[in-house]
Amino acid sequence: MSGRLALAGSIAGLCVVAAIAGPYVLDSYTVNILVRSFLYAATALTVDILWGYAGILTFGQAAFFGIGAYAAGITFTYLDFSPQNAVLALLAGLAVSAAVAAVTGWISFFHGASPLYVAIVTLAMPIIFVQILYSGGTFTGSSSGLVGYNTFDLSVESWFTICGVGLVVLTTVAWFFVNSDFGRMLVAIRENEQRCTYLGINAPRIKILLMVVMAMIASVAGYAYAGYTVVVAPEIGSFVFGTELVMWVALGGRGTLIGPVLGTIVIDVTTAYLSGNLPFVWKLIIGSIFVLVIVALPQGIIPVVRTALGRMWSAATGRSAMASSFTVPAIVDARAGRRAGAGSDAPALDVADLTRSYGSLKVLEGVTFKALGSELLGIIGPNGAGKTTLMRCLSDGYERTGGTVAAFGQTIARVPPHGVVGFGIGRSFQTTSLFETLTVAECLTLARYRLDGAGMMSRMPELALPDSARHVIAATGLDREMEIECRHLSHGMKRALELAMVLALEPSVLLLDEPTAGLTKPERTLIGNILVELVQREGLCTLIIEHDLDFVRDISTRIIVLHQGKVLLDGSVAEVVGSELVRTIYAGGEHKGAAR
Amino acid sequence: MIALALDIITTAAILFAVAAGLLIILGVLKIVNFAHGGFLTIGGYSALVVTQLGWSPWLAYPVAALAGMVMGAVVERFVIRPLYDRPLDAILATWGLGIIIGQLITIIFGREIQFVQTPIAGATSVIGETYSLYRLFLIVAAAAVAAGIAALLNATRLGLEARAVIMNEPLARGLGINSGHVRFVTFCFGAGLASLAGALITPLSSVDPNMGVPWLVNAFMLVLVSSVSLTSLAAAALALGGAQVLVSSFVSPVIGGLTIVVLAALLLRIRPAGFGRG
Amino acid sequence: MSQAVLDVADLCSGYGEAMILRNVSLAIRPGEIFALLGKNGMGKSTLLKTVLGFVPAGKGSIRLFGEDITALPTHLIARKAIAYTPQEQTLFQDLTVEENLRLGLRDDRGFAEGLERVSGYFPIVGKRLGQKAGTLSGGEQKMLIVCRALLGTPRLVLIDEISEGLQPSMIERLAEILLAERARTGMAIFVVEQNVPFAFSLADRYAVLKIGEIADSGTTGDALAASRVQEQLRV
């Protein structure tokens, strides 16, 4: 960490020096243009955090820039400039931006919303904003905007230094933010939002919050723009500007912070110089490069340059330039006693008359059973019996069509998965749905977010895990792989991490969907032994779906057989294994009556 | 009253024609084509070229559709095909394409507003109300577009294969259908439809290099609320287009311009299936 | 011996790093009916999906009528005179029965004759051409997918767990039809099954798949085979 921190610090320091020295070195036209570029770059930075890190493709930041600018323009035009009014205008811009962003977020982010949808909603936002400006008539200056109001009494050089230093500070803060635990969580949400919600993370709320904060930053940039240029026109809040921001970010390199900042400055300055001579051709060139970059270099230009430099560096020095620079958190004991349902007499899981239908097709019908702590309940049944659907209905309050599910006597209402986790129910998935670019330690930290929170600007030095999760990572050797990114893990390790993450939630009820699929025999045995031990020692109520019946027979204390969406049999292992009926539906043979 | 009703119907017809190409591409390719506005513009300028050459204004429609298809073929091959697995990037790349198309047109035709000859001029009396003949013609044109799409989808082998790909692409491939070819043809067809729509709307206003942009967002919102179904699209165009006409007439034209976007966004938030059966 | 219709050699495949199949080899001869048996989750469907190119082969080769098809795209494999009926999502639910049948052929030639022949096997299919496939009952849907597969004249038919959920009389009828079609055209048939009696009533040879490997194989004429396989598939 320290090496990278020193590097980042010295770069930031150099940039600050440049921001102060710039006006004395550069000609006044360039200084003039650069002030504007800095403000655009700050706005592009917010686009990068939203899109590059959190995966929210937004065309709407232009509208927030415009709101901030018009707040200043309108205030200064009608109330004149004064320090009080300057503060008032800033606050008004922030408040309106925050409110608009909150509404936009509410419209765009909900359980099950498509990631394409937010792109369209945010595309509409600048269009609506500009229409409002047009309909404002003389008050907003309609299509020509407002000009010539009184503003801050600052020289161009001062603006340059203020905006330059401001951009450096913003970029530095953003760097700490995206590298913090919270920043890693944003990446996790981008990579697999569904999985995050099953880790108890309220992803829609986090995305709305992020959008509000980024809107406020864009609004401040717009405010400074209005103060500096003494002109506000609809173009600065328009849909064209919104898409230009995205283009700059894409060309510079999404998810790199520095790429979008440099990309914006370089393109905006070049545009200022070239567009006078060849206005349309220049836009055509930018558009063509943009399409080319998206198709051929989706990560943008800066990462390509950086990789090339890194190669040259390691060729010259014989060392790798890209060594991981974050210390791995130390694993410590989690505070005990936070399990839901501790001390409750009610059954861990009480499912009554559970039904799930898609149109006229009933996938589950009248499923009723109870499960207690310390029970390891095997759920078996042929393909299409509704096993995974059952898991889904237990872990997502919106899934079931009818019936009730209660955990420790508390009925689970229609809440999204992150709410169900609060009832003490943790679920693992059939496919290894991990987060490809996150390390093992980061995945486990993510699973602890619900209980331990996340640092906005830093990484926690300690990772508190309950006994059970620590046991799994120690027994499978994951504790030696904490720095490895998930995509480099073997399949067996991924399965183990999936299990450790669910256990890190400190659930009281564990839902495991084929935890051993694709594993070798020794790996199965290991996972089986761990599960049996966990159930015995910690009293977890565990439901497990498995295809391998030998495995289920070895570890279960009870078995439920599902067939065509109904509970066919619920009994001890001996009863189920000895049942002729079960043999019939499984191994084919005579299909007589009862099964249908 | 009658004028209002006719306004609603003709507006819905225009919106349907404009959105149909987008809907087809989204349905089969699962890609939101942000170059749709660009294809509309191509259609508009095809009509302009026909006018400038002194040809019959009726020729504008086949010329526009052909220009759109050719352009669509090039775009699908070089830009869309590499992006099938990256739908968000496809949005950006097609948006970039829209910019390229707009700039090329600016360079060739200039950025000023120009006018196109109308194939049908004048007005007629509809139940005592004088109404533009061309707007009435648009109802016929939209109906023809709808019928054409329906015939293509339901009465040809290619349409059958396209529907199979929409419903279940893996199964379609397992039956030997070349889904890549189906996508290519669909994109060309959708682009051709967009350009045709561009030629249809130009006599109502004028052409300029950014004429497609304002239509883009409304068309998207309509497509989103119609869950990739032509019938739902017609219903959505009628309901939301109708609301737009009413708000424009009785409240303010500026707010009227936002009606479709706002209503559609709220509708999707409350009922994600929109006008579809869902 | 004539060239194998389908020749799978040393095949490994799976999803990502999870290898579902490990070094599977098997060959199907012209005109032969071959049954692949195994419990749920043992890799039977994965094998068919790998043959069809839905799942990439990690190692090994697949030859169809002597041609290496290991790296071909799915639709080109599917056009090589083979018919595939998957286990799940077998029909286009919102298309009509007739449209589903038409999609079983590459073009509309031969549809009328084919329809007449398959309607002979399952008259109900011919009577409900205009109905949406999704509104058919489970058994009727199975009939429809068999008709779709037999509509053309494939040289190899791949059938994934057709008997699941069917009543015994239907299963018997199905076996008769498949045998009759084989006798008529000399096609080879590859069935994936859990239903041992059905598989043995149909197939000439069999193999058992267990956790991605072939655990047993032989001819169905072997008197002890059926009960041994039944035991291997036991709960």
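Two strands count as paired if DSSP finds at least two bridges between them. Helices (H or I, at least four residues) and strands (E, at least two) are DSSP runs, numbered from the N terminus.

**Entry 1: ground rules**

I noted that this is a predicted model, in which local features need pLDDT of at least 70 and side-chain atom pairs count only at pLDDT 80 or more, while totals for chains, interfaces and linings use all residues. Residues are numbered from 1 along each chain as its sequence is written, chains are lettered from A and ligands numbered from 1 in the order in which they are written, and side-chain values use heavy atoms, with hydrogens and water left out.

**Entry 2: the sheet in chain C**

I started with chain C, where four strands make an open sheet in the order 2-1-4-5, with antiparallel pairing. Strand 2 (18–28) and strand 5 (67–68) of chain C are the edges, each pairing on one side only.

Then I looked at strand 1 (residues 6–15) of chain C, which six bridges join to strand 4 (residues 57–64) of chain C, running antiparallel. Seven bridges join strand 1 to strand 2 of chain C, again antiparallel.

Which residue of strand 2 of chain C is the bridge partner of Val8(C)? I found Leu26(C) there. In strand 4 of chain C, Val8(C) stands opposite Ile62(C), and Asp7(C) has Arg63(C) as its bridge partner.

A reminder to myself: in a regular strand the side chains alternate between the two faces of the sheet.

Helix 1 (residues 44–51) of chain C lies across strand 1, strand 2 and strand 4 of chain C, at about 110° to strand 1. Such angles run from 0 to 180 degrees between N-to-C directions, with axes fitted to C-alpha atoms, for helices over the stretch in contact.

**Entry 3: helix 4 of chain C**

Next I checked helix 4 (residues 111–121) of chain C for buried residues (under 20% relative accessible area; exposed is over 50%, partly exposed in between, with a 1.4 Å probe and protein chains only). The buried ones are Phe111(C), Gly114(C), Leu115(C), Val118(C), Ser119(C) and Tyr121(C). They sit on the same side of helix 4 of chain C because they cover an arc of only 140° around the axis. That arc is taken from the directions from the helix axis to the C-beta atoms.

What do the buried residues of helix 4 of chain C pack against? I listed helix 3 (97–102), helix 5 (123–127), helix 6 (138–151) and helix 7 (168–185) of chain C. Contact here means heavy atoms within 4.5 Å.

**Entry 4: over to chain A**

In chain A I found an open sheet of six strands in the order 9-11-12-6-13-14, with mixed pairing. Its edge strands are strand 9 (425–428) and strand 14 (566–571) of chain A, each pairing on one side only.

Four bridges join strand 9 of chain A to strand 11 (residues 509–513) of chain A, and these two run parallel. Gly426(A) has Leu510(A) as its bridge partner in strand 11 of chain A. Helix 19 (residues 491–504) of chain A lies across strand 9 and strand 11 of chain A, running at about 170° to strand 9.

**Entry 5: confidence**

Last, I looked up pLDDT, the predictor's confidence in each residue, from 0 to 100. Chain C averages 87, and 97% of the residues score at least 70. Chain A averages 86, with 94% of the residues at 70 or above. Over residues 588–596 of chain A the pLDDT is below 50, and this stretch has 18 contacts in the model beyond near neighbours in sequence.
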